[in-house]
Every structure is written in structure tokens, then in C-alpha cells.
Amino acid sequence: MQVFFAGTRGAYPTLKPTSQKTGGNTNCVTVTVGEDRLIIDGGTGTENILPSDTDDTILLSHFHLDHLIGLPMFLTRKQHGACSIIKSVDASSPSTKSVLSKIFGTEFFPVPLEVIHPTLHYQDFVTSTHIGKWSITSHPLNHPGGGSGYRICHQDSDQTFTHLLDHEHGSELDQALLKFARGSSLVAWDGCYEAEIYEHVKGFGHSTWQEGIKFGDTIRSPVAISGHRFNRTDVECDQIETQLTSPHMLARDGLFVELPLD
Ligand SMILES: [Zn+2]
Ligand SMILES: [Zn+2]
């Protein structure tokens, strides 16, 4: 199983010279086993991946714009095959198709996604689904407006990747999430903030990199710190990286991880 961090920035893409090493694209991660690829989120990190010549599947964590804004351009570049957008949705919540159609092709964005790419499909599920050889289980995250963490497995691999963005620690979900993520080969964590500034941003829906490390140590799984604060500089990322002990890692745009880790 290979995990590729195509975009690791939270909230807002950044192009500053001080963030070139980490990269400035918003969330997008791919998980690949053999010929099968699953794309998680459609942030501007989609600029760092190629649409496939066959079908693409994009799994959405939630509807915040930084996780969606790359979708139109990705679909513009997609010449062949169909594209499916899938998401865990509460039975009582509006469908993914209805939410996206309120954003794209309205006063917020000129063209509907279906006009950009006519073979676009939507598939909502509640807690688990199978897509080809993938099996995906979801768990609620603590984030304004809601969000889903995903535990991802593939029939041809004994590895498990768990994606927990966007998420703020410190709620009653913490214990359940530890259980949900236990046994993961890699956990992607919302390390947007530093513990030192967290008090000022509590309730904004993001965690700290230090909480990510605690989480990984508790379940004995490697953690990749992602979802970087939009104004976290390369120097600050380097400083965080020096404080991480193996097997934890700092995700930057372009990080490629082969699982299992050595
Ligand atoms: Zn976000
Ligand atoms: Zn969000």
C-alpha cells in the first residue's frame, strides 16, 4: 500500500517563498494498491496528481472549501473514464450531490461539476462501504459542520491507512477514535496548530501536532502530521520535524510513504 500526500495545507493554499519546501496545497491524499487508487479529498493538492485513464474515485472527508476547491480543475483535466465522488453521510443529512450542487454552478462557482465532467457519479454511505477491492469504514470527527474519518483497507494488502482530518481533539470522540484507528499502518492527523497557540484557537476544529503524536503513541501506530496551518513556515515545519521520533513523520506536499514502514 502506498500513500501519497498531494496537499498537506489546511484552510487556505499558500504560495509564499517561506512555504515552498512544505508546499502550499490544500488537502488531497491518494492511497494505492497495485492498479487501484483511491483519492481522499479534492483540495488544491489535486494539482499534484494525474487523473487516471480509467475511473477515478474521490472520497470526501467533509464539505469545507479547502477540501473541495481542486475538484473542478481535476475534472477539467480528466479526459477518460468516469469519476465517482463518495462520502459518508448521516441518514438525516443532505446528499453529497445536493450539497455540491449548492456550491458549483451557483453564485459561488460558475460551472456545475457535471458540466465539467458528464460521467460524474455520487455515492453516499453511512458507516461502511466497498468500492471494488477497497473497504472503507467511517467515524465521525469533531469539526464544525461535521466530518468523517476513514479507515481504509484493500483486499490485496494487509495494510490499513486511517485518515483523520479535519479534527479537533478533546471531545467525547477521542476514546472511540483511538479504538477506530487501532492497528493502522499509518494515521494522517490534523496537526494544524501547536500546543502553545491552541488555547487561542480552541473550537476552530483542528488539533495540534503534539496531540497527533500522543494519539499515535497510544495506539502504537505511525502518524503523519498534516493539515498544516496556512501560515506555518518551512522553518517551523523543520522545527516540528526535529521533535518527531520515528516512526512518526511530518507530511509535506509530495511525501510518498510505502507501507509497511521499514
Ligand atoms: Zn480543512
Ligand atoms: Zn474543515
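## Ground rules

Two strands count as paired here if DSSP finds at least two bridges between them. Strands (E, at least two residues) and helices (H or I, at least four) are DSSP runs, numbered from the N terminus. This is a predicted model: local features need pLDDT of at least 70, side-chain atom pairs count only at pLDDT 80 or more, and totals for chains, interfaces and linings use all residues. Residues are numbered from 1 along each chain as its sequence is written, while chains are lettered from A and ligands numbered from 1 in the order in which they are written.

## The open sheet

Four bridges tie β7 to β8 (residues 134–140), and the two run antiparallel. Across that pair, H130 sits opposite S135 in β8.

Zooming out, seven strands make an open sheet of mixed pairing, ordered β7-β8-β9-β10-β11-β12-β13. At its edges are β7 (128–131) and β13 (249–250), each pairing on one side only. Helix α6 (residues 209–219) packs on this sheet, touching β11 (186–190) and β12 (223–226).

## The whole chain

The protein chain has seven helices and 14 strands in total. The C-alpha trace spans about 45 × 40 × 35 Å along its principal axes.

Conventions:
Two residues are in contact if their C-beta atoms, placed from the backbone, lie within 7 Å. Axes are lines fitted to C-alpha atoms, for helices over the stretch in contact, and angles run from 0 to 180 degrees between N-to-C directions.
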